[in-house]
Amino acid sequence: MSSSIGADPRPVLIRGATPYGEQPQDLLLADGVIAAVGADAATDPRAADAEIVDGTGFVVLPGLVDLHTHLREPGREDAETVETGSRAAALGGYTAVFAMPNTDPTADTAGVVEQVYRLGHEVGLVDVHPIGAVTVGRKGERLAELAAMAYSAARVRVFSDDGDCVSDPLLMRRALEYVKAFDGVIAQHAQEPRLTQGAQMHEGIVSARLGMVGWPAVAEEAIIARDCLLTDHVGSRLHVCHLSTAGSVDVVAAAKKRGTTVTAEVTPHHLLLTDERAVGYDPVFKVNPPLRTASDVGALRQALADGVIDIVATDHAPHASQDKETEWDNASPGMLGLQTALSVVIETMVRPGLLDWRGVARVMSEAPARIGGLQDQGRPLAVGEPATLVLIDPQALWTVDPDALASLSRNTPYAGMQLPGRVVATFLRGRATVSAASLVGG
Amino acid sequence: MTLAMQPRERAVPGSGPATAGSARTAAPQTPAVPEVRMPRHLLSAADLDRATAEHILSTAQRIEQAMAGREVRKLPTLRGRTVVNLFFEDSTRTRISFELAAKRLSADVINFSAKGSSVSKGESLKDTAWTLQAMGADAVVCRHSSSGAPQQLSAWVDGHVINAGDGTHEHPTQALLDAYTLRRHLGSLDGRRIVVVGDVLHSRVARSNVLLLSTLGAEVTLVAPPTLLPVGVTNWPAVVSYDLDSALVGADAVMMLRVQRERMSGAFFPTEREYSRSYGLDSRRRDLIAEHGVVLHPGPMNRGMEITPQVADGAGSVIVEQVANGVTVRMAVLYLLLSGESDSAAGTAADSVADSAGGLA
């Protein structure tokens, strides 16, 4: 697969697909860029020997960018590797993913982030951008060498202790201040640790009935409020990971209104599933932050439509079966997401009319690329721009089969569910990583 | 036998909106006689509708009558069947109660304790379930420190699973024995006011009792400091109060829950003394309940903490009787779950109890 990197692929002429779901257009991809659009595409000399892709009925968007992925390598190669995660990403329409640092060893040094970056480059299916840990070993005690990671070959701009909250307010302040030197951003996993000791699921009516320790919404909201104030105070940039409650929406909306430089993400599962899923005690529905209530789900969808929430990020979290097929409170939290994210967004946002395809491009490609500091992702579908895009069949319906997913793990919460929308092809700088809904060379 | 088997479907995760508790299919029934629908597993008191719960209690009553005055206190009903007591958490009292119940029904009983077994070496719940499955357990009595573990287990074994207490979730046979005890003293529970006092947040006994007692028509009042009530308690079929004195006035029964001393470290209440002063049952408070009222405690008691020795051992205390009734009620549950199968052995077993009980219809 790595042999194809660099070699200029054959030009591709996509006929009759609709950029942003608007007007059918021909697109010519050549030399890694969008060489021509519209009537010029078919008449361009480079179209003569181009591979023709019939795009009738398909939507074209810039390649998707996931700001929150767990690739598990190094350390848990039994759950996922950079290669298998890259495959899942490409099949899900992604052209870039940000890999969270909760690996073993932790991605808290230039050495580890460069290793992950290099592995991603070798696989070559998506651009893999490592996220650096904020603190050494993600222990929340002292800052990791953030500048070393920023100036490494991996050019890290996003820092997070994801999985754990940078709960010490002084350390959080220092981190926010420190990353200003290289235009970094702190992606906070907002979870007040004392309020969530032993927490298993959303604290509410269902947790009371099931007898499980509750994870109260306030434990997220209080941290977001504090961090927004800290961000104002030091003039830095904050990104809120997997925002999950209606109250958090209010906090972020208020902060944005007064000018705080805060961005926020929501996961597909928080847009679709509720805490009622815990009723069968199947740990596939255990996730952190937990699934919330139907009214939270409604508020999250509206906030994504309104722009209070900036992006959709998968929090793709593969887990080996022995870490999931166990008692609920012993099970690891997390769900697969890369291959289902777009479909869930279509189901929860596009179909109800909350987002159009321009909106999908914004929340799944353009805004995450901007937040993560990527220059060549999330670009407009225009002549001269990188031919990094995804071709979607919006009418297709498919049933999620855990065994058919590319991830090494099987912990999808959507097993057996019928979802709309299928990725037909993914192009990374002019080269197809996915074609006819299958991996190229895979 | 008038037992109609309606194996209850479990809500399948991922199959659309959760429908737990509403998955029972409507069955033809005559209006006069509500149909008894014994679930396949006893995981929650919510698995029992009123007719089924009353059927279990009246079966227990008939078993008690059948056993009374017998020289050999043993029924041949479950001869050849295997009951596994799978205890991942120490509980000598509950295990002995189930063991005695199964032995009095002539079942073969295996005690599988997590301590010192492969479980403590990291064997998963699923592997343990498959082991039991391979050994052909007809019933698995499961105690576990994780809420929901018996329900997970029920998906992996063919035998009937009985929840013998899971984490802070439920303990349905405790609720059945409490209801049995209450009915012996109060008759029908319709409109009876039962006050449950203490650590509701962490109590599986409270959860099961709220569900079962309200199913049986009782009015349940929960009394606890606000810190020991779950946030979602407002949705329960119970009245909530912070004031024990006023809740006790005229009550038909008061059930004191065990309060673990380690709760103090979680800042649930400041001191034992303050807890005891506000929520402990002493003689003065005991006198507030109705004259015919009774005092229950699931045990083990913290004497001097949630209940004074005078009240625990005094008039109207049915705490010792609860223990005896526990065996009887668990016999009824084992019998009804295991004899519901339509094979000939079960038919014979049913007949044998009917004979022993002198006309168990």
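Pro300(B) is found in the loop between β11 (294-296) and α10 (309-312) of chain B. Helices here are DSSP runs of H or I of at least four residues, strands are runs of E of at least two, and both are numbered from the N terminus. The peptide bond from Gly299(B) to Pro300(B) is cis, with omega near -10°. The model is predicted: local features need pLDDT of at least 70, side-chain atom pairs count only at pLDDT 80 or more, and totals for chains, interfaces and linings use all residues. Residues are numbered from 1 along each chain as its sequence is written, while chains are lettered from A and ligands numbered from 1 in the order in which they are written.

A cis peptide bond also joins Asp104(A) and Pro105(A). Its omega is about 5°. Pro105(A) is found in the loop between β7 and α3 of chain A. Asp108(A) lies in the loop between β7 (94-99) and α3 (110-123) of chain A. With 26 other C-beta atoms within 10 Å, Asp108(A) is buried. A residue is buried if 20 or more other C-beta atoms lie within 10 Å of its own, exposed if 12 or fewer, and partly exposed in between, with C-beta atoms placed from the backbone. Neighbours within four places in sequence aside, Asp108(A) is in contact with Pro101(A), Gly132(A), Ala133(A), Val136(A), Gly137(A) and Ala144(A). Contact requires that the C-beta atoms of two residues, placed from the backbone, lie within 7 Å. Asp108(A) and Ser160(A) are 9.8 Å apart in space, C-alpha to C-alpha, and 52 residues apart in sequence.

Arg72(A) is not a glycine, yet has a positive phi of about 65°. Arg72(A) lies in the loop between β6 (64-69) and α2 (82-91) of chain A. Arg72(A) counts as buried because it has 28 C-beta neighbours inside 10 Å. For Arg429(A), also not a glycine, the positive phi is about 50°. The loop between β17 (418-428) and β18 (431-435) of chain A holds Arg429(A). Arg429(A) is buried, with 20 other C-beta atoms within 10 Å.

The secondary structure of chain B comes to 12 helices and 11 strands. Chain B has 361 residues, and buried residues make up 49% of them. Of the contacts in chain B with a separation of 6 or more, 72% are between residues 24 or more positions apart.

Two helix pairs of chain B were examined. Helix α1 (residues 50-67) and helix α11 (residues 319-339) of chain B pack at an angle of about 115°, with their axes 8 Å apart. Axes are lines fitted to C-alpha atoms, for helices over the stretch in contact, and angles run from 0 to 180 degrees between N-to-C directions. That makes α1(B) roughly perpendicular to α11(B). Angles under 35 degrees count as roughly parallel, over 145 as roughly antiparallel, 65 to 115 as roughly perpendicular and the rest as oblique. The crossing of α1(B) and α11(B) is right-handed. A crossing is right-handed if the near helix is turned clockwise from the far one by less than a right angle, and left-handed if anticlockwise. From α1(B), the contact is made by Ile56(B), Thr59(B), Ala60(B), Ile63(B) and Glu64(B). From α11(B), Thr328(B), Val329(B), Met331(B), Ala332(B), Val333(B), Tyr335(B) and Leu336(B) take part. These residues divide into 9 nonpolar, 2 polar and 1 charged. Ala, Val, Leu, Ile, Met, Phe, Trp, Tyr, Cys and Pro count as nonpolar, Asp, Glu, Lys and Arg as charged, and the others, Gly among them, as polar.

Helix α5 (residues 172-186) of chain B and α6(B) pack at about 55°, with axes 8 Å apart. That makes α5(B) oblique to α6(B). Their crossing is right-handed. The residues of this contact divide into 7 nonpolar, 3 polar and 1 charged.

The contact between the chains takes 28 residues from chain B and 30 residues from chain A. On the side of chain B that touches chain A, α3 (125-135), α4 (149-154) and α6 (204-215) of chain B each give two or more residues. The largest share, 3 residues, comes from α4(B). By class, this side has 10 nonpolar, 13 polar and 5 charged residues.

The predictor gives the complex an ipTM of 0.90 and a pTM of 0.91. Mean pLDDT, the predictor's confidence in each residue from 0 to 100, is 96 for chain A and 86 for chain B.
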